[in-house]
Amino acid sequence: MNVCFTLNNAPTELDVGPGERLVDVLRARGYMGTKYGCGTGECGACVVLLDGEPVNSCLVLAPRVEGKEVITIEGVGSPLQPHILQEEFSKAGAVQCGYCTPGMILSSLALLARNPNPTREDVLRALDGNLCRCTGYVKVVDAILSAAARMRERKES
Amino acid sequence: MKTHDTKVVGHSVLKIDALGLAMGRASFTDDFTLPDMLHARLLTSSLAHARIKAIDANDALSLPGVAYILTPENSPRVFHTTAGQGFPEPSPYDSVMFDWKVRHVGDKVAAVAAVTEDIAEEALRRIRVEYEPLEAVFDVERALAPGAPVIHDEAEARAVIPVTYEPKRNLAAEVSFSVGPVDELWERSELRFNGEYGVHRASHCAIEPHIAIAYLDADARLIIRSATQVPFHARRIVAQVLGIPAGRIRVIKPRLGGAFGGKQEVILEQIAGLLCLRTGKPVRLRMTREEVFLTSRTRHGQRLRLRSTVNQEGRVTMLDLSTVLDTGGYGSHGLTVATNTGSKVLPLVNRTEAVRFSAKTAYTNLPVAGAYRGYGATQGSFALNVQMDEMARALGMDVLDFWKRNHIRQGESSPVFQALGEGTEGVPMTIQSCGLEACLEQGACAIGWAQKHGKNQKGRFARGVGMAALMQGSSIPRIDMAAASIKLNDDGSVNLLVGATDLGTGSDTVLAQIAAEVLGIPIDKVIVYSSDTDLTPFDTGAYASSTTYLSGEAVRRAAEDLGRGVRRVAGKMIGEDPATLVLEDGNVKSPRSETSLGDVALRTLYQEEQEQLMGTASAYSEQSPPPFSAHFVEVEVDRLTGRIAIIEYVAAVDCGVAINPVLAEGQTEGAVINGIGYALFEEYLMDSNGKMRNPNFIAYRIPTTRDFPNITTILVPTYEPSGPYGAKSISEISINGPLPAISNAVFDAVGIRLRHAPFTSDRVWSALRSI
């Protein structure tokens, strides 16, 4: 069946099976930044933004994105123009193995879109669906708070 | 103490792959597809102990899209170990690809390759296996008792180095040593302690599941992309199991999504490789999360007994540690984790007159244990640090002062170093750098030890502080080896080729920093390529806290080697004695004149006396200098619910010179959180048939941001003369701290002594009720 949606701001039409999961559809089409970690919606490695909200794409059937807007990590920044969050994650040492990082950045993006000035508590709550075994979260939280500050500055100027 | 004025080393340069990873661009094993690639799945056992009487795959094979099915019938019966260690391995050869017997729930029975993962999964359901159930054994004591069911009754199971291995008794390994009058001191001491400590099985939970993709190149060589810590061992083991020369195999480790010891095991590579050879098509084999829990590896659960004596002055005079390890259905790392339980723990207390260690590793019909960050030191440190706290309290001393009276110091040796090796005798070693005293002082100061310790609070919520002193090692002496090569390009950049394996730790960055430092170039002039058995020099792999120390030393030497060539050519170019030239800012300088590395390269590549300037070197160590650490934690115990909350955590670590402080902090923070999860809630819940009840992240909870404590890492600088730029290891040590530090803090808060982990609310609640 055909599904029409917006993928990283581009109108997209894909032929998908009714039982296909969004994570598999995206990965099969080369969007490899969406990772598989558990397949049961518990780890957050496959998080994408669906109409701006972070969802585990392993729990989303592909036909469900009809008419919606999907953002994957590939739609967030480019190597020549990284997003502030991507820069701050790198600078803070928040990227170790990097397998959970795309999901973390997308969850952070959703947080900062609705709350540009989050407290440490807000960050901890927003990221609690993104498991990371490498960093201990310390530098992840630092990165998100400094990215938030930089994004606010940019907006003001 | 910084004896080198360094420009790149010791600075927190950006991790070289961080931005690419944050873009989702960098390539993990599974981010790579090939035309006509088949997808494989494993059939695993639902029984803990059974013989396979018959296996019928015909129905599965007739399913459209199924390409091949491997079973015990058509797979090689080559006995090997999956442990991924040096050769010959200290782990027993007790595994075949698919055996006629299953030894734990989750044991491999067959593998299907099909055009899609869904078809492969459907095929699994159509394979009919006729089992003859056997009596199973789930307890180490019972497994070692006479009359227990024999888990490895096959004639072929054997040790390949001269060590104790008695599979007929379910004894997978045994090690012991004794120095001094242990029993005499025990008999005549007035102050003596005897405790039993239980430490449990746990999963590594790297977020990337285990995966391998195998394909044939144009010359029909077998190429395996794998999420492995040990590409060179993987090549050797695949060659062994498949019976083909290692030279016909290439193992490539791309970016890796976390490992922690779990990906030292070579489990999938040989299966994907064989399916590829049988079908001629690329084959992808990825574990499900449930398979990672059941079919990959775990930490060794241990039952430890520690006896000790102490004199009135507060000096520990005797330590006697004995332990039994549960290795599950196969003996992977069973000997060496046992050994490390003593060798990475007992030397910490170094004023004793006698020390004894004995360990037995038992087969059981439970999930298979293997390497896990900490590797025995996690288990042994728990027993030692809790008993040190017990001793100090009995003496009426502050445990901090007690540790200061007893711990090992720079310039000292320990009989344990010489006694305990890897299936052999150990290697004598004198400690050349030890910042433990500073770790104890700075950590205590940071947590406010003096104000918070021994407060004995009343009321529902009680706070307390606890601490632990720790050590680990840096590489396996006289066994590990690492190599590097480096070549100079037109523009003064260099290609650094290392066999070393970056697991996400940042070792590619650390190694690039070392090369940049030696050659006097910025880090962005170092192009790192690592972990490819065709293209990079050998390295035993990323384990035993070896990469910075040993692979780093290989890189330092290789860069020095290239530097000598650069000076030789530059000396001719500017008419100076090469020995007087300095490499700095991309240039080769004398006090009078200079040329650039780029100009040196242009001359040698295109103009005069043409040659490729390159360096190559290996590193091998006669010693394993321990990093040291002191951990401090403040907890709050809820007397009503038994819940332990971590209020604050301080880890002070001596890793020698931290090549990259931010990455070193990251190693510490990650290890501490992993250790906190292990101490408080991570646990395999087994049913009475040996099946894990919680093989998912909902029921086997690992720490999330909700569990985020306030962690402070203090890097206490020392200088290790045998390490590159003074570095020792840091990756493992800090996972050993939370278990004992939290147990001691809980005692400080509410007076209960937690000797069996994990410290779940119900256990704490029960303990509170029994005092």
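**A guided tour of chain B**

The model is predicted, so local features need pLDDT of at least 70 and side-chain atom pairs count only at pLDDT 80 or more, while totals for chains, interfaces and linings use all residues. Residues are numbered from 1 along each chain as its sequence is written, chains are lettered from A and ligands numbered from 1 in the order in which they are written, and side-chain values use heavy atoms, with hydrogens and water left out.

Select B:His333 to begin. This residue sits in the loop between β14 (316–328) and α9 (334–343) of chain B; helices (H or I, at least four residues) and strands (E, at least two) are DSSP runs, numbered from the N terminus. Phi of B:His333 is near 60°, a positive value in a residue other than glycine.

Next, select B:Tyr375, in the loop between β15 (354–363) and α10 (377–395) of chain B. Its phi is also positive, near 50°, and at 14% relative accessibility B:Tyr375 counts as buried.

Proceed to the cis peptide bonds. One runs from B:Phe87 to B:Pro88, with omega near -5°; B:Pro88 belongs to the loop between β3 (66–70) and β4 (101–102) of chain B. Another joins B:Ala757 and B:Pro758, where omega is about -5°, and B:Pro758 is found in the loop between α19 (738–750) and α20 (761–769) of chain B.

Now display helix α16 (residues 547–574) and helix α17 (residues 597–607) of chain B, which pack at an angle of about 85° with their axes 10 Å apart. Axes are lines fitted to C-alpha atoms, for helices over the stretch in contact, and angles run from 0 to 180 degrees between N-to-C directions. The angle makes α16(B) roughly perpendicular to α17(B), the term for 65 to 115 degrees. To show the contact (heavy atoms within 4.5 Å), select B:Val566, B:Val569, B:Ala570, B:Lys572 and B:Met573 of α16(B), together with B:Leu597, B:Asp599, B:Val600, B:Arg603 and B:Thr604 of α17(B).

Finally, view the whole chain. Chain B contains 20 helices and 26 strands, and its C-alpha atoms fill a box of roughly 85 × 70 × 50 Å along the principal axes. Of its 771 residues, 66% count as buried.

Methods:
Angles under 35 degrees count as roughly parallel, over 145 as roughly antiparallel, 65 to 115 as roughly perpendicular and the rest as oblique. Buried means under 20% relative accessible area, exposed over 50%, partly exposed in between (1.4 Å probe, protein chains only).
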